[in-house]
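Here are my notes for anyone opening this one for the first time. Have the model up beside you and work through the points in order.

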Amino acid sequence: MTEVGIDAIEIWTGKLKLDLAETFAPAKDEDPEKYTKGLGLESSSFPDVHEDIVTMGANAAKRLMERRGLEPADVGRIDVATESSFDNSKPVSTYIAGCLEQTFDGDFHHANKGERKFACVAGTQSIDDAYNWIKADRHRGRSALVIATDTALYARGDPGEATQGAGAVAMLISEDPDVAALSTEQGYGSADETDFLKPNQQFPSVDGKRSMQVYLARMREALTDFESVAWDTHPDDFAYIPFHTPFPGMVRKAGLLGYRHMIRDTEIEDELADQIGRQPREEEFDSWEAYEGAIREYMDDLKETEAYRDWYGRAIDPTLTIARNVGNWYTGSVHIARASALKNAAETGKKLSGEKLLVGSYGSGAQAEIHAETIRDGWRDEIGALNVDEQLDRRYDVSFEEYEEIHDVHNHDKETDVDSLTRPAGEFVFDGWGEMNERK
Ligand code: CAA
């Protein structure tokens, strides 16, 4: 059976850097450790005034296509996932195709284009669409370009402001992929929720604390659903577990939830029982509240065990390296978590071919999706070609006053006249409504 999955990855970060400890915390009169230790974030990537979801997505896709020697004729569909769309009719993929046609010979007239929306999980859903298109043999030998691109900005003063970010991840989905083959094992947890919304408004309305509970509840459902088709989930089955990362502190909670779930009825639970007891079973309690209290106590003890700490350090912590420095990229977030993991493996000389990842995606509103992937032989070269570290180092470090001015430029309700802080030669830039041009 032909394998289908991620053949190439490219990452494009917003060109500005907002340092949370040095710049944001003093301006907000907060302890820097709230951000660095509590949320787990060092800085966020912020879009300069010439950047938006189209320019970042097109720049990522251009680099991917150039690096892989692709022409438009090699790409049969362009799917863009975003929750920062500015057009309720024309999909962002058409704007991105228009940009790419300025660079490459040929056009994308033959390519199916779309825009996927379900908060942050839409990037993974777009990969699924591409997978199904190829598996259905409708692709005529072509690949799909999936682009997850967002400016994850919050109103100033919103608790989410510290978690902002901006960037794009372009992924090529093909037969016989170089990076990771998608498995058919997949689980969902989905419910109608109102914790994070953008009903015809630019910045989200968020019930932050509740959004964290909803994330964990849906993720738990998705794990249970996943186990109904892949019954042997064990923490040691997976080299890494990249989760959707709105901020690393959220993934600390998701990792613990996943571990508790996976060790149930395994030898790990038995071994830990000597130190902290067995996990509570629902049927042993008279009320849900009593059961929840016992679970909470068990989790508090579990996270202090050496077994859990070792596992977290190996399978979860390496997925957070990029997120710590860029903040939330919404649809791109779980895909930079995967890239962080693979970068970690390359940097530490790990052998990964044939190993599995468990990937946990999440979108508010709300849906979690869990699936397994198997790493392919070409992963090391592909990850070695990423220049994300250079891009992060090159970012312009904004002062708080510059940050506020540029935040106003991105706030469409306000009239502002601020120039770009960075000079993007050879890149696509936003030159005004519907005008995205390659800067010569
Ligand atoms: N030193 C160390 N740690 C500190 C600290 C200090 N001085 N001060 C606070 N902390 C810790 C807190 O204990 C807390 O950690 P725990 O949750 O582990 O207890 C953490 O830092 C954050 O502190 P607060 O809870 O006080 O922070 P807050 O209320 O100001 O904001 C938030 C947190 C509500 C999550 C906010 O960032 C927010 O609204 N974010 C946007 C919504 C979001 O990202 N939700 C995540 C789930 S939804 C999702 O994933 C979809 C998506 O992409 C948006």
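1. "Buried" here means under 20% relative accessible area, "exposed" means over 50%, and "partly exposed" is in between, using a 1.4 Å probe and protein chains only. The model is predicted, with local features needing pLDDT of at least 70, side-chain atom pairs counting only at pLDDT 80 or more, and totals for chains, interfaces and linings using all residues. Residues are numbered from 1 along each chain as its sequence is written, and side-chain values use heavy atoms, with hydrogens and water left out.

2. Start with Thr149, which is buried with a relative accessible area of 0%. You'll find Thr149 in strand S6 (residues 143-152); strands are DSSP E runs of at least two residues, helices are H or I runs of at least four, and both are numbered from the N terminus. Contact means heavy atoms within 4.5 Å. Leaving aside neighbours within four places in sequence, the contacts of Thr149 include Ile53, Met56, Val80, Thr82, Ala168 and Thr331.

3. Look at the ligand's oxygen atoms next. One is 2.3 Å from an N or O atom in the side chain of Lys209, and a polar side-chain atom of Lys34 lies 2.7 Å from an oxygen atom of the ligand. Pro159 takes part through its backbone, with an N or O atom 3.2 Å from a ligand oxygen. Taken alone the ligand exposes 1000 Å², and the protein buries 74% of that (areas by the Shrake-Rupley method, 1.4 Å probe).

4. His371 is buried at 7% relative accessible area, and Glu369 is buried at 2%. Polar contacts are N or O pairs within 3.5 Å; within protein, one atom must be able to donate a hydrogen and the other to accept it, and residues adjacent in sequence count only if both atoms are side-chain atoms. The side chain of Glu369 makes such contacts with the side chains of Gln186 (2.6 Å) and His371 (3.0 Å). The side chain of His371 also pairs with that of Glu373, at 2.7 Å.

5. Finally, helix H1 (residues 20-28). Its buried residues are Leu20, Thr23, Phe24 and Ala25, and their cover includes strand S2 (16-19), H2, strand S3 (43-46) and helix H15 (400-410). What caps the N-terminal end of H1? Asp19 does, with a side-chain oxygen 3.1 Å from the backbone nitrogen of Ala21. Just after H1, Asp29 takes a positive phi of about 55 degrees.
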